[in-house]
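Please find below a short note for a colleague who is new to this structure.

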Amino acid sequence: MPLVYSIFVPHPPILVPEIGRGEERKCPATLAAYRALAGNLAAARIDTVLLISPHAPLLREGVALFQDEILKGDFAQFGMPQVKLAFANHQPLAGRLAKELPGGVLYSGRLDHGTLVPLYFLREAGWEGKLVVMSMPLADPEGYGNIIRTVLQDYSEPIALVASGDLSHRLKEDGPYGLHPSGPEFDRQIFEGLSRDPSAIKEIPQDLTEEAGECGWRSLRLALAVQQGMPKVFSYEGTFGVGYLVAELYQSSPLPQWARQCLAAYLKTGTTQGLTPPDVPLLKLRRPCFVTLHKEGELRGCIGTTAPYRENLAQEIEHNALAAGKDDPRFWPVEAEELPALTITVDVLGEMEKISGLEELDPWRYGVVVRSRGRTGLLLPRLEGVNTAQEQVTIAKHKAGLGLNEPVEMWRFEVVRYFE
């Protein structure tokens, strides 16, 4: 998939130093995080950025995409007309999206501040690629995200998605719309969703979002739907009564790509001899890992170990990728024809830490290992439908063939999940 990076960023013009004139320094965490993510995007040599803005022309039904050959704008509305930005439009992609997305229309005009603020920091970081700008859909952002994912699969160049949006505008009495209890509560639910279960974000009640006075909920939901990832919140501040959240939603990794390469070679030729792993420092270390296969959202295979058994992580992934495809006793062996429909993730496990009780577990942060009578059960963290430590341990016991009330020794471990 050409989408290699996805981020969510705020768009207050006051962050632009020429406009803030020192006031931007009251948001040091936001500035630092913004520049870090912009630097990551530029370093990844992204050819094209698809930017979703809640301040581009909003349609009751559908979305607008800019069609001009050069997309440009300035900050004249904020007293700085000399701060101008211009980028080449990826017109074929814009046209394709306008055709494929429900109610998609092409539009000519100047860029809004929801677009210009992220672009300011991208240019500052040295990014100079092509741009596609799309308005935020008011309904069914997940549906739009799913279609965008399908469209992007037909392109070969690296693409990044930037979802622009502020959180609540009702965090303080002296903020833009005053203080409302729904403001801090909405921001809390967004932060918690990104930190624990991103699927919960779309379930936030709409009346809460309206009372909170937000403008980023839908663009965030769209970005999360385009590509599943392991979101990481870089910063959150509400200095001026508006929630500024900077988060990395998805980053492509060579680890699951290596797993796919190994599995594909084995299914097609019966061997992995001659394959060379990517030159990634992490792959040269000794680490345990799990390789997980999904097909159309359903588990298709998962094999791993809690301790490293091979010379390095590259070999560990190679072994577990083949085992997940052909040796998981819960499934028939994967066939070569299934490969395009598979999604692959690699979980790299941290150190095992012995614990004494459920209170030391968090099913979104830690995996768990239970042991008794020579039997062992393991459950990874961040699994859909597993929301409590009790549920986590119960499932791990069941996998080990242990009784529900049987005493066990327990260990917890953290996991970094890598996506294609």
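**Notes on cysteines and helix H11**

1. Cys302 is buried, with a relative accessible area of 17%. The model is a predicted one, and the values here are computed from it.

2. A search of the whole structure finds 0 disulfides. Accordingly, Cys302 takes part in no disulfide, and the nearest cysteine sulfur, which belongs to Cys289, lies 9.9 Å away. A disulfide would require the two sulfur atoms to be within 2.5 Å.

3. Helix H11 covers residues 389-400, 12 residues in total. From its first C-alpha to its last it reaches 17 Å, close to the 16 Å expected at 1.5 Å a residue.

4. Which residues of H11 are buried? They are Ala389, Gln392, Val393, Ala396, Lys397 and Ala400. Viewed down the axis of H11, these buried residues fall within an arc of 130°, so they line one face of the helix. In general, an α-helix has 3.6 residues a turn, so residues three or four places apart point the same way.

5. Against which strands do the buried residues of H11 pack? Their contacts are with strand E15 (366-372), strand E16 (375-379) and strand E17 (409-419).

6. The residue that follows H11 is Gly401. The phi of Gly401 is positive, near 75°.

Notes: Residues are numbered from 1 along each chain as its sequence is written. This is a predicted model: local features need pLDDT of at least 70, side-chain atom pairs count only at pLDDT 80 or more; totals for chains, interfaces and linings use all residues. Side-chain values use heavy atoms; hydrogens and water are left out. Helices (H or I, at least four residues) and strands (E, at least two) are DSSP runs, numbered from the N terminus. The expected span of a helix is 1.5 Å times one less than its number of residues. Buried means under 20% relative accessible area, exposed over 50%, partly exposed in between (1.4 Å probe, protein chains only). The arc is that of the directions from the helix axis to the C-beta atoms. Contact means heavy atoms within 4.5 Å.
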